[in-house]
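Subject: Structure for your files

Hello,

Here is the structure I said I would pass on. My notes follow it.

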Amino acid sequence: MLDLLLTNGLVVTEYGAKQLDIGILGGKIVSLVESGRSLAEEARETVDLGGQLVVPGGIDPHVHTNSVLPTAAESGIMCFGADRASEGAIYGGTTTLIDFAHWHPGDNLEDSFARKAKEWDGLTYTDYALHGTFREQEIPFEVLDQVPDAIANGHGSWKVWMTNTTPTRPHQKTDLGNIWGLMEKVAEAGAMLAVHAEDDELVMYAYKRLERAKQTDLQYMPDAHNNISEKISFERVISLAEYTGAPIYLMHVSAKEGVEAIAKARGRGLPVYGEILPHYAYFTAEDYKHPHGAIYHTYPSLKSEADRDSMWEALIAGTVSTLATDGVCTDFDVKTRGRTIFDTTGGFAGIEMRMAVAYTEGVHKRGIDLNRYVDFTSANAARILGLHPQKGVIAIGSDADLAVLDTGVSRVITKDDLHEADYTAWEGYRVEAWPSMTVLRGHIMMRDGELKQGPIGHLLKQHVGKDVRSRPAC
Ligand SMILES: [Zn+2]
């Protein structure tokens, strides 16, 4: 007998969208049968989805929890924890989040993962994985030597910064030489390296120049975190990745120059992947001029209309692979405490809106097909970051992680509809789809706007496939 049978959904599998019944047992998908054809399989619970859209539960591969906000480091203000972020995710149709396990000097690598996993275990509504993360100038050789074992243990993605981002932040940049060393380990042991790429020298020089000209208001952010910095840093890190054979994942692409650098690399067959953010694909630098423009900001920066439009062209063409949030959930007073290019807080509350915005902007407004929608909201993150085929696909044997979207709604969202923060940059935005049910490993977590299950999320192992590491596979 099945645990759960979901009938009459318009289900998006790798072979397209079809009216199917999904049978679930022991947290896994065990049957996919054309609706009306199943031999009335018995199940403990049966739900008729009435033709609603069913896609793989969303995967947001770029989320920060419980971290001290770098531009508020002196006051020790932190963003919300994994409990709140994952609750918002579940309401929004996302079932897996990928956070960051920071290595601290003196740690064995496993200590960093264990410390971060403790903040998730028993508290969270989604499954999760952790990017092994360095934010020191140097990675000691003895720590680098532990990377292959950590990769073998299922820590399949790593992250570095190429910039300190603002002159006021604590140090976070890793020198290129040390990135070279990490790339060699990642290439050899078979993992993915995520990079926050900006050219530190160009960014810091731009800050000095803007300060001298007294142009430090938020609206000058694109002059500090600028297009040429994205071009040069992307090309530089792609060259090093090619030289070492490491696959790389460029986080929060913000400029058309970034898109072009990725397209060129992929055109030459390199395993280079790009991530864009819903904010960068919707808002522009003009939005910084609003009274609370900070709510639209994360680093690097919003840019011009041409840059924004290049995000959609890239998503449609398959040049960039994923849509993530750079989620940093805080309330409005924290998000808007900074007013300048020096102190504006990065990261957004946007995890809960991601699936609906992607549907509205992608499928509804631009006619992107449903498989491509699944690719950039779930499947590609699973492939690139080593969770496929356990996650990111509706297939027999995969985890029963599902988002059921009601595409008959056309409703305006306000902050009171949401759970992850007390504000949203999408205030007044009309969505053309909204999650009516979220299923994690066969458990109905959310139904009709109500949480139905306690926190059952657990840590996932990541093993990045060889195809993904050797060519632009998705
Ligand atoms: Zn981030």
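**The sheet**

Strands β10 and β11 pair in the parallel sense, over five bridges. One of the paired positions joins serine 157 to methionine 192, its bridge partner in β11. Please keep in mind that this is a predicted model.

β11 is mostly covered, with five of its five residues buried. The cover is on both faces: Met192, Ala194 and His196 are buried on one side, and Leu193 and Val195 are buried on the other. On its other pairing, β10 (residues 157-161) meets β9 (residues 127-133) in the parallel sense over two bridges. Lysine 159 in β10 stands opposite threonine 133.

These strands belong to an open sheet of eight, in the order β6-β8-β9-β10-β11-β12-β13-β14, with parallel pairing. β6 and β14 are the edge strands, and each pairs on one side only.

Two helices lie across the sheet strands. Helix α12 (residues 354-366) lies across β6, β8 (94-102) and β14, and runs at about 110 degrees to β6. Helix α13 (residues 370-384) lies across β6, β11 (192-196), β12 (248-250), β13 and β14, and its angle to β6 is about 60 degrees.

**Aromatic residues**

The count of aromatic pairs comes to 14. In one of them, tyrosine 207 and phenylalanine 342 have ring centres 5.1 Å apart and planes at 50 degrees, so the pair is tilted. This pair also links distant parts of the chain, 135 residues apart: tyrosine 207 is in helix α6 (residues 200-212), and phenylalanine 342 is in the loop between α11 (332-335) and α12. Tyrosine 207 is buried at 1% relative accessibility, and phenylalanine 342 is buried at 15%.

A further pair is edge-to-face, because the rings of tyrosine 359 and tyrosine 373 have their planes at 85 degrees, with centres 5.8 Å apart. Tyrosine 359 lies in helix α12 and tyrosine 373 in helix α13, so the pair ties together parts that are 14 residues apart in sequence. Both of these tyrosines are buried.

Ring pairs also link Tyr282, Phe283, Tyr296, Trp426 and Tyr429 into a cluster. Two members of that cluster, Tyr296 and Trp426, are in contact with histidine 279. Leaving aside neighbours within four places in sequence, the contacts of histidine 279 also include Ile295, Leu302, Phe348 and Ala425. Histidine 279 lies in the loop between β13 (272-276) and α10 (305-317), and is buried, with a relative accessible area of 2%.

Two arginines lie over ring faces. Arginine 84 is over phenylalanine 80, at 4.2 Å from the ring centre. Arginine 169 is over tyrosine 299, at 4.8 Å from the ring centre.

**Backbone**

Most residues other than glycine have a negative phi, and most peptide bonds are trans. Some places here depart from that pattern, as follows.

- The peptide bond from tyrosine 299 to proline 300 is cis, with omega near 5 degrees. Proline 300 is in the loop between β13 and α10.
- Histidine 388 and proline 389 are joined by a cis peptide bond, with omega about 5 degrees. Proline 389 is in the loop between α13 and β16 (402-406).
- Asparagine 66 has a positive phi, near 50 degrees. The residue is in the loop between β7 and α1 (82-91) and is partly exposed, at 28% relative accessible area.
- Aspartate 448 also has a positive phi, near 50 degrees. Aspartate 448 lies in the loop between β20 (443-447) and β21 (450-451) and is exposed, at 62% relative accessible area.

Regards

Notes:
Residues are numbered from 1 along each chain as its sequence is written. This is a predicted model: local features need pLDDT of at least 70, side-chain atom pairs count only at pLDDT 80 or more; totals for chains, interfaces and linings use all residues. Side-chain values use heavy atoms; hydrogens and water are left out. Helices (H or I, at least four residues) and strands (E, at least two) are DSSP runs, numbered from the N terminus. Buried means under 20% relative accessible area, exposed over 50%, partly exposed in between (1.4 Å probe, protein chains only). Contact means heavy atoms within 4.5 Å. Two strands pair if DSSP finds at least two bridges between them. Axes are lines fitted to C-alpha atoms, for helices over the stretch in contact, and angles run from 0 to 180 degrees between N-to-C directions. Rings of Phe, Tyr and Trp (its six-membered ring) pair if their centres lie within 6.5 Å; planes under 30 degrees apart count as stacked, over 60 as edge-to-face and the rest as tilted. A charge sits over a ring if NZ of Lys or CZ of Arg is within 6 Å of the ring centre and within 35 degrees of the ring normal.
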